Amino acid sequence: MQSKIENVVATANLGQHLDLDSILKVTSGAKYNPQQFPGLLYKLKRPKTSTLLFASGKMVCTGAVSARSAERAIARIITELRADGIVILKMPDVRIENIVATGDLGNRIDLENVAERLVKTIYEPEQFAGLIYRMEEPKVVFLLFTSGKFVCTGAKTRADVNLAVEKLRKNLHANKLVL
C-alpha cells in the first residue's frame, strides 16, 4: 500500500523585518494587498509552491510535494530576493508543520463498525461520507472512506505518514473492519 504526498506546509523565520512594499516593487509575480491580507504571496513554478511572506520576517510555504522541495522553495525565494537587492541577513531554519498524504488501503472499510470499535473517531454519514480518525502515535488525523481511500494529515515526516498508514491498516485488519 502506497500513499502519495499531496502537500507539505513549511515555515521559516528570517529573524528580521521585511518591507513588503519594497519586495513587491522589485519582484515580478508577487502579489500584495495589505488591505485584504497582511502577507505577500510569492509563487514559484519550480518547485511549484506558494509562499506567504510577512513583515515580521516569517514565511509559510505550501504546495511542495516533499520536505526537500519546500526547503528548496524557501532557499530559492531568499536567493531571488537577494538578487533583487533585498537584504536578507541569514538563511532560516525551515520547519515542516504539516504533511498531507492520500492513498488507498486496497479494501473497502466498514465505517459504521470502525466508529463503534475504535476510539477517537467521528462519523456522521448524514453530514459527510467520511470518518475522522485521530491517531495518537504518530499524531495524525485520517479521513477514511468506505472505498478504502484515505487522507492523512498532521504528519511531520514521510516516515510518520508511512508508520501511520501501516498502523491503521494493521488495526483495521486485526479488528476485522475491512470488507
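I call a residue buried when its relative accessible area is under 20%. The model I am reading is predicted.

**Entry: helix α2**

I looked up α2 first. Helix α2 covers residues 67–83, which is 17 residues. From its first C-alpha to its last, α2 reaches 24 Å. That is close to the 24 Å expected at 1.5 Å a residue.

Which residues of α2 are buried? I found Ser69, Ala70, Ala73, Ile74, Ile77, Ile78 and Leu81. The spacing made me think of helix geometry. An α-helix has 3.6 residues a turn, so residues three or four places apart point the same way.

What do the buried residues of α2 pack against? I noted the strands β1, β2, β3 (49–53), β4 and β5, together with helix α1 (20–26). After α2 comes glycine 85. Its phi is positive, near 90°.

**Entry: the sheet**

Next I traced the strands. Nine strands make an open sheet with antiparallel pairing. I wrote the order down as β2-β3-β4-β1-β5-β9-β8-β7-β6. Which strands stand at the edges? They are β2 (40–44) and β6. Each has a single partner strand, so one side of each is left without a neighbour in the sheet.

**Entry: strand β1 and its two partners**

I then went to β1, residues 3–13. How many bridges join β1 to β5? I read nine, and β5 spans residues 94–104. The two strands run antiparallel. Isoleucine 5 has alanine 101 of β5 as its bridge partner.

β1 is also joined to β4, residues 58–64, by five bridges. This pairing runs antiparallel too.

**Entry: glycine 103**

Is glycine 103 buried or exposed? Its relative accessibility is 16%, under the 20% cut-off, so glycine 103 counts as buried.

What does glycine 103 touch, leaving aside neighbours within four places in sequence? I listed Gln2, Ser3, Gly148, Lys149 and Phe150. I also checked glycine 29, which is 74 residues from glycine 103 along the chain. The C-alpha atoms of these two glycines are separated by 34 Å.

**Entry: aromatic pairs**

Last, I looked at the rings. I counted three aromatic pairs. One of them joins phenylalanine 128 and phenylalanine 145. Their ring centres lie 6.0 Å apart, with 70° between the planes. That makes the pair edge-to-face, because the angle is over 60 degrees.

Where do these two residues lie? Phenylalanine 128 is in the loop between β6 (121–122) and β7 (131–135). Phenylalanine 145 is in the loop between β8 (140–144) and β9 (149–155). The pair therefore ties together parts that are 17 residues apart in sequence. Phenylalanine 128 is partly exposed at 42% relative accessibility. Phenylalanine 145 is partly exposed as well, at 23%.

I then read another pair, phenylalanine 142 with phenylalanine 150. Their centres are 5.7 Å apart and their planes stand at 75°, so this pair is edge-to-face. Are its members buried or exposed? Phenylalanine 142 is buried, with a relative accessible area of 1%. Phenylalanine 150 is buried at 2%.

Terms used:
Residues are numbered from 1 along each chain as its sequence is written. This is a predicted model: local features need pLDDT of at least 70, side-chain atom pairs count only at pLDDT 80 or more; totals for chains, interfaces and linings use all residues. Side-chain values use heavy atoms; hydrogens and water are left out. Rings of Phe, Tyr and Trp (its six-membered ring) pair if their centres lie within 6.5 Å; planes under 30 degrees apart count as stacked, over 60 as edge-to-face and the rest as tilted. Helices (H or I, at least four residues) and strands (E, at least two) are DSSP runs, numbered from the N terminus. Buried means under 20% relative accessible area, exposed over 50%, partly exposed in between (1.4 Å probe, protein chains only). Two strands pair if DSSP finds at least two bridges between them. Contact means heavy atoms within 4.5 Å. The expected span of a helix is 1.5 Å times one less than its number of residues.
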